[in-house]
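Open the model in your viewer and keep the selection tool at hand. We will go from stop to stop.

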Amino acid sequence: MIKAVYSLSAAIAIASNAFLVSLLFLPDPVPVQGHLWPKPAQECRGHQTIQLANNFKFNLPEDPNPRLRLAATRFRKRILRSTFQSPVPVDPALAAKEDRSLVEVAQLTSVRVDIEDNDSSLGLDTDESYRILIGAVEDADAPFEISKGDCKSIASTVSSLHGVIRARTMFGALHGMETFSQLVTNSPHDTTVKEIRSTPIVIHDRPLFPHRGLLVDTSRNYLAMTSLYRTIDAMAMNKLNVFHWHITDSPSFPIELDDTTDKDQPVASLPRDEDEDAGSDSDIQTETVPGLPLSQLAAKGAYGPDMTYSKDNIRQLVEYAMGHGIRVIPELDMPGHAWSWSRAFPEITTCLDGYPSYSRFSAEPPSGQLNPVLAKTYRVLDAVYEQVLPLFPDGAFHSGADEVNFNCWNTTESITSHMDARGIPRTEAGFDKILDGFIAKQHARLRQGGKVPIVWEEPLLNHHSETLARNKDVIVQVWTSAKNTKKVISQGHRVITGSADYWYLDCGFGDWLGNWTMGNSWCDPYKSWQKIYSFNPLMGLSSKEAKSVLGGEALLWGEQVDDTNLDTKLWPRASAAAEVLWSGNSEDSDTKLWNGPDQEEDTLRNVEALTRINEHRFRMLSEKISAEPLQPLWCVQNPGHCLWPIYDSKPEKQAY
């Protein structure tokens, strides 16, 4: 519950856009131990504490999916071995309402997990909803929305010593078990004693968006498999469900592939007149196409032999992620960002490492792009996709296509000759056509492998791709500005949001170019958790347009990230994006999303969220995820005392 106590207007400059924010609300102190991140859609809780039995277990359906069985074992171990004690205090006034009369006599021995649909596939149409009942009874067909009257009735007394997680799919059950694990707290006197406070509990939960992602870049700096597994663990704790693996880029190509062997294929037939005898099958001539040394892409293009990902590494990570309710969508960025390909195949690349003036050919060093007019480029691409696509069973594949530099192609003789021979002008429109030809062939190969392509925004918004105009199922990821979401939707495409002005986690750490002394990075300022939490993926969209927003991603580019600081760059700021995508950032708006500073009443719940995200940060620490602090520990221990100051009408003059 939020209590209005003061009003303050302060001019705050955020991302170079100054606007007024009205701070209307301060929170009632709440007992945050056992409170949840992300916040559930619907939650009713009482005042009684019960104990979890030492032999607690999850009762699964008969013949459960192996992934569900592993998850139940994982959560049980996590709950029973946890020694986590939240540093956020319980408010004494509310703690006084807590009824502990059942602690010694009421033990929850099990939680039954009911699943309606045994389908184990995960995608945009998967139902991830779930319901939790602890010490309460509810009809299976009860409406999702819980009225205030029903909530009051539910919270009155513990009516059953049973626990149930109901879900349509295995993935909803996984989220339910994560929520349940957060409800269990350790006794402050003995961490072997597990308690569930504020029962009875009824939670009805489901996500706002089906695509809740995190981009991690393993090309600019290598990340060990242990770091990737730990990232999957953290994502699951935050109910994120898409690991966007930006696996290759200009600096390195870390995927281990196999060489291809020589093979015979028919020689391309010459044009014939319609009445000319085509000849028999025995007349068809073949030629031997030499194999391709694809192993050299990693052997020469990775940073070192111990900085690669084998096919088994990838398969195991994909399976691990699926067992945590997470899709893995890879990105092999091209035709730009391709210097790493040149180490094995210099003949299909161009504009390589334009030192010292790389900016002629690329957004950052090293420069290098694929040559889109050579037949061998597509032979190599087809061979790479033939091995890579089966490693990732998801139905989507990110094809890149960002920051393609036309000046690079304009200074490449084979490309300009190709254009001149076909009457393609060496203008922006002409190079748009060349780029679209590459995208057409690339997407055809992806579709042959059963994948729906995802692209960055430039082919649609900057280069007027005819391939995208014809294929409206291509998903477009917006990254330069949140305002571009509406532009993409207007052209008939579905959108993934999470642009640099809100959800780029690498911004604000200074530029990494050695001779740049200004101290700023291109996407300043630093994106604090508050800034991230304030983002509305549907801002400025009609209800019809909003249906085209699949969700969003928090993005961490890897120029200044490796195993030593991955966790601190990600968490808990990515947790803020996770809650926005799961349950929104506002209690009172129709969309559950904050309508921005121009609304009549400020409904952003960031103040209420602060104590919860502080506790969640320490919860992640207890699971060996090195989430960074958001405030001094004093502020964590004194909720509500570290907010923007409230002044009287005549504030005292400050001495400087």
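Helices (H or I, at least four residues) and strands (E, at least two) are DSSP runs, numbered from the N terminus. Select strand 8, residues 194–205, and find proline 200 in it. The peptide bond joining threonine 199 to proline 200 is cis, with omega about 0 degrees.

This is a predicted model: local features need pLDDT of at least 70, side-chain atom pairs count only at pLDDT 80 or more, and totals for chains, interfaces and linings use all residues. Residues are numbered from 1 along each chain as its sequence is written, and side-chain values use heavy atoms, leaving out hydrogens and water.

**Whole protein**

Zoom out. The protein has 20 helices and 20 strands. Colour by pLDDT, the predictor's confidence in each residue, from 0 to 100. The mean is 89, and 90% of the residues reach 70 or more. Now select residues 269–281, where pLDDT stays under 50. The model has two contacts beyond four places in sequence for this stretch; contact means heavy atoms within 4.5 Å. Residues 1–32 also stay under 50, and the model has 69 such contacts for them.

**Two helices side by side**

Select helix 1 (residues 66–81) and helix 4 (residues 170–183). They pack at about 5 degrees, with axes 10 Å apart. Axes are lines fitted to C-alpha atoms, for helices over the stretch in contact, and angles run from 0 to 180 degrees between N-to-C directions. Helix 1 and helix 4 are therefore roughly parallel, a label for angles under 35 degrees.

Step back to threonine 169, in the loop between strand 6 (163–167) and helix 4. Is threonine 169 buried or exposed? Buried means under 20% relative accessible area, exposed over 50%, partly exposed in between (1.4 Å probe, protein chains only). Threonine 169 counts as buried, at 7%. Leaving aside neighbours within four places in sequence, its contacts are Ile115, Asp117, Thr126 and Asp127.

**Into the core**

A nonpolar core is a set of buried Ala, Val, Leu, Ile, Met, Phe, Trp, Tyr and Cys residues joined through side-chain atoms within 4.5 Å. The largest one here has 108 residues, and Trp341 is among those with the most contacts inside it. Select tryptophan 341. Beyond four places in sequence, its partners include Phe253, Leu297 and Met334. Apart from that core lies another, of 34 residues, including Ile50 and Phe171.

Next, pick isoleucine 232 in helix 5 (residues 225–237). At 0% relative accessibility, isoleucine 232 is buried. Its contacts beyond four places in sequence include Phe243, Leu317 and Tyr320.

**Helix 18 and beyond**

Select helix 18, residues 573–583. How many of its eleven residues are buried? Eleven are. Glycine 584 follows helix 18, with a positive phi near 85 degrees.

Most residues other than glycine have a negative phi, and most peptide bonds are trans. Go on to lysine 592, in the loop between helix 18 and helix 19 (606–622). Lysine 592 has a positive phi, near 65 degrees, and is partly exposed at 29%. Then find glutamate 403, in the loop between strand 16 (396–400) and helix 9 (406–410). Its phi is positive too, about 50 degrees.

Last stop: proline 356, in the loop between strand 14 (349–350) and strand 15 (369–370). The peptide bond from tyrosine 355 to proline 356 is cis, with omega near 0 degrees.

Terms used: Angles under 35 degrees count as roughly parallel, over 145 as roughly antiparallel, 65 to 115 as roughly perpendicular and the rest as oblique.
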